[in-house]
Amino acid sequence: MTRTTNGPIAVLGLGAMGTGLATRLLDQGVQVRVWNRTAERVEPLVKAGAFAAARPADAAAGTSAVICSVADGEALGTVLRGPDGVLAGGPYPGVLICASTVAPDEVVQIAGDVPSVLDVGMLGNRDHARDGELRLFVGGEERVFNAGRPLLEMLGKEVVHLGALGSGMRMKLLLNLLMGIEVQALAEATELATASGLDRQLVLKTIAGSGFASPVMAFKSKRLASGRFDKPDFRLRLMAKDLMLASKQAAAVGLSLPLATAAAETHVRAAGQGLGDEDCAAVVRALTPKPGSDT
């Protein structure tokens with residue numbers, strides 16, 4: 001059976017996670033071929049030893065695995081099946097790893113008849129990706145998982161095969177649903193405290209140190225305390241997208257998820273206010289009216 005770590009690995013999409021994954025592979029001595037829609041994110045990786053390709057198809061050429069880490073289903077479809085895509089010239093012979101968070105049915109549709117494809121939900125941030133500390137939840141055929149496992153174990157401290165293709169995305173959407181609700185709950189509690197006359201910094205310190213705070217809430221409390229939402233760990237617009245996907249998944253199976261629906265609406269509103277490229281903790285800014293506004 002072909003091991004995915006034998007040949008070069010392509011990483012398509014160099015956002016926070018894609019850059020972290022490519023850096024991890026380079027640090028492990030793996031040959032890496034990279035592509036990104038905008039060229040400026042490529043340069044640091046080229047200096048670290050990666051080969052920069054002009055098209056996704058060129059990046060994939062001669063590799064044993066391709067990791068797609070792009071923003072959404074539309075971008076994933078273009079990277080794989082567009083005129084310059086990985087599959088434009090025919091089937092890809094290696095393992096195709098979809099690490100982009102898209103609707104579970106969408107990853108199955110985009111994959112189509114590709115013989116070796118996995119969808120991977122990644123739990124962690126850019127630092128975890130760079131240090132090989134991610135938790136990876138994988139969907140796909142058992143034989144494909146076994147072929148891709150050496151590569152995945154290089155990238156994550158925990159690798160779990162959940163079942164059929166689409167399973168990784170289902171788990172990822174559940175995890176992001178929880179994160180979106182938790183961070184919004186933290187933001188709401190903080191704003192209520194401030195409006196009630198309590199000291200904001202003391203409230204955040206108290207919440208973060210309490211048994212009520214999850215690790216992600218304790219982590220995001222630092223963002224809320226500083227009021228700095230640039231250099232995002234996870235962009236707000238991506239959280240809005242994932243919450244909407246989770247809400248649509250619930251509707252499709254006849255479930256009512258009031259908290260998820262409310263969080264999705266708040267995040268979509270925040271993105272509409274121009275906060276989409278800020279860290280997701282910037283949802284706090286959608287909770288209070290803008291100066292001079294009546295709403």
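**Notebook: sheet, helix and loops**

I began with strand β5 (residues 95-98), which pairs in the parallel sense with strand β6 (residues 117-123) over 3 bridges. Two strands count as paired if DSSP finds at least two bridges between them. Strands are DSSP runs (E, at least two residues) and helices likewise (H or I, at least four), numbered from the N terminus. I noted that Leu96 has Val117 of β6 as its bridge partner.

The model is predicted: local features need pLDDT of at least 70, side-chain atom pairs count only at pLDDT 80 or more, and totals for chains, interfaces and linings use all residues. Residues are numbered from 1 along each chain as its sequence is written, and side-chain values use heavy atoms, with hydrogens and water left out.

I then looked up the open sheet of 8 strands, which has mixed pairing and the order β3-β2-β1-β4-β5-β6-β7-β8. Which strands stand at the edges? They are β3 (51-52) and β8 (156-163); each has a single partner strand, so one side of each is left without a neighbour in the sheet.

I next turned to the loop between β5 and α5 (104-111), where Thr101 lies. Is Thr101 buried or exposed? Thr101 is buried, with a relative accessible area of 12%. Buried means under 20% relative accessible area, exposed over 50%, and partly exposed in between (1.4 Å probe, protein chains only). Leaving out residues up to four places away in sequence, I found that Thr101 touches residues including Ala71, Asp72, Met169 and Lys241; contact means heavy atoms within 4.5 Å.

Last, I located Val253 in the loop between α11 (236-252) and α12 (258-275). Val253 is exposed, with a relative accessible area of 62%.
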